[in-house]
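These are my notebook entries on a few local features that I looked up.

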Amino acid sequence: MAIRHPAIASKAAKAAKAARVAKARRHATEGKNTVVTPVSKSYTDPRDVLLKPVVSEKSYALLDENKYTFVVAPGSNKTQIKEAVQAVFQVKVTGVNTINRQGKRKRTRTGFGQRAATKRAIVTLAEGDRIDIFGGPTS
């Protein structure tokens, strides 16, 4: 959204801004939280954030560094991912890195299509914590 110079802003825009500023001041004095997360962006169950673990050669190589890879919901952020992993697996998360992967373009008999884009998270756990979702011998 472009910010207009106050001299060229419409009277309605000036009035709306004054109302927003007044509401923010009122909430600050009352101690209310003015930031409200919409229901569409909140996840009630942590399993809505973590969709599935990534099973690949690269993800298995990261297990030695105590890093685990998950496919996560596209709208989730790092804080939500961290809280979900801690809630589901009862471990201490020290870091979260996210990757947005574009879907591969695939050719079919009728033309071209595209796989769905995914969001992945590489979660680093605290020293001594483990997740046994991949099985196998302990590291």
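I located Q90 in the loop between α3 (78–89) and β3 (93–101); helices (H or I, at least four residues) and strands (E, at least two) are DSSP runs, numbered from the N terminus. I note that the model is predicted, that local features need pLDDT of at least 70 and side-chain atom pairs 80 or more, while totals for chains, interfaces and linings use all residues. Residues are numbered from 1 along each chain as its sequence is written, and side-chain values use heavy atoms, with hydrogens and water left out.

**Positive phi**

I read a phi near 55° for Q90, a positive value in a residue other than glycine. Q90 counts as exposed because its relative accessibility is 62%; the classes are buried under 20% relative accessible area, exposed over 50% and partly exposed in between (1.4 Å probe, protein chains only).

I then turned to N66, a non-glycine residue whose phi is also positive, near 65°. N66 belongs to the loop between α2 (57–62) and β2 (67–72). Its relative accessibility is 13%, so N66 counts as buried.

How many bridges join β4 to β5? I found four between β4 (residues 105–108) and β5 (residues 111–114), and the strands run antiparallel; two strands pair if DSSP finds at least two bridges between them. Two residues link β4 to β5 in a hairpin. I recorded G113 in β5 as the bridge partner of K106.

I also checked R105, whose charged end sits over the ring of F112, 3.9 Å from its centre. The criterion is NZ of Lys or CZ of Arg within 6 Å of the ring centre and within 35 degrees of the ring normal.
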